[in-house]
Amino acid sequence: MLWNRRGLLAHLSGLALFATTTTNGAAIDAQQPLAPPQGVVPTTVSTPFFAELERLARLVDISYCIGNTGVSAPFQCVSRCNEFPTVSLVTTWNTGLLMSDSCGYVAIDDGERRNDTSPDERDDLGERAIIVAFRGTYSITNTVVDLSTTPQKYTSYPSPDHGGGEPPEKPSHECTNCTVHSGFLQSWKTTREEVIPQLISLREQHADYPVHLVGHSLGGAVACLAALELKVSLGWDDVVVTTFGEPRVGNARFARFVDEVFALNGKEEEEEDLEKRSYRRVTHVNDPVPLLPLDEWGYEQHAGEVFISKGSLAPSETDVHSCVGYNDPSCSAGADSYARYKLWQLFFSHRDYFWRLGLCVPGGDPANWGRLPYEYDNEL
């Protein structure tokens, strides 16, 4: 995602538009997940989990070819497509270079499971899956400034006017007094017309394939809204979400709603439990986007964070940590308040998630030339 200096200043100005919509945080204290005890160090991730996140970062990087040089069947592009021989393209979408622009692709991964694992055991590098990748937008400044004069009321059951149907009689989860960033919601409303019919059709053909949603930057916010609709409105259980540099999507009640739907209650105590979470919100030290829009303007982040503590490329397992709750001081929430305004980091930390994301050129970003995908011995 490339911003110019004027766009960055516009983004800061646009955040001021949220001032009249602050949320009364005291009203939701009883719903908030437990914060980690002071002094708790986040858990270092395992090698297989690290490899899975690195792989998904490459898959979301491919989404930046949409609207650029393109991605074509079977799964070809000038970037990293040849690194995924078991992935086949289903469709791409591009809603145009407007304020609510959205780009991405849907694909099928027919990768074989390794080592004769049982169906209920996840194989991080070879799992069959339906993949939906949401690209970060090139006009996020317009989205924030021009579409977000006020947050918008959120419901997980789209109205018939937006392609939905009647809500279930007894919904599994309800989001009371929830609001979300209107630009992010508009982007998903535009995108869902392309994505939802494809996913319903693919589920009929591949009933045993989980749905993996991945997204970077604004694409992470759209992936969040998409995942909630799949889980709550359509009732799909096997949905796994992995976002990189996801901004705050809604108010505190919305954030707690995400925690509830994906069981991100902040009470996990063992490393393996943290890595089995079905929502992984990957952040990077010095990346200001996961801290925006500002909490003073009524926004709050949800839990499920996985924190990359190394500033430069490339991180290792010891640089990646599983965080507890939505406000873990050992992770991005522990950054000084000034970090939220370091928007020049958008050129660096916001793009550096295992790889430098956002350029669809042969071999990816030149900073990554010669770097091979991460591999590990599954027999260990």
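This is a predicted model: local features need pLDDT of at least 70, side-chain atom pairs count only at pLDDT 80 or more; totals for chains, interfaces and linings use all residues.
Residues are numbered from 1 along each chain as its sequence is written. Local features need pLDDT of at least 70, side-chain atom pairs count only at pLDDT 80 or more, totals for chains, interfaces and linings use all residues, and side-chain values use heavy atoms, with hydrogens and water left out.

**The sheet.** Select the open sheet of nine strands, ordered β1-β11-β10-β9-β8-β7-β4-β3-β2 with mixed pairing. Strands are DSSP runs of E of at least two residues, helices runs of H or I of at least four, numbered from the N terminus; two strands pair if DSSP finds at least two bridges between them. Next, select β1 (43-44) and β2 (87-94): each stands at an edge with a single partner strand, so one side of each has no neighbour in the sheet.

Proceed to β4 (residues 129-134) and β7 (residues 211-216), which run parallel and are joined by five bridges. I130 has V211 of β7 as its bridge partner.

Finally, select α5 (residues 218-233) and α6 (residues 252-261), which pack at about 50° with axes 11 Å apart. Display C224, L225, L228, K231 and V232 of α5 with F254, F257, V258 and V261 of α6, which make the contact (heavy atoms within 4.5 Å).

Definitions and conventions
Axes are lines fitted to C-alpha atoms, for helices over the stretch in contact, and angles run from 0 to 180 degrees between N-to-C directions.
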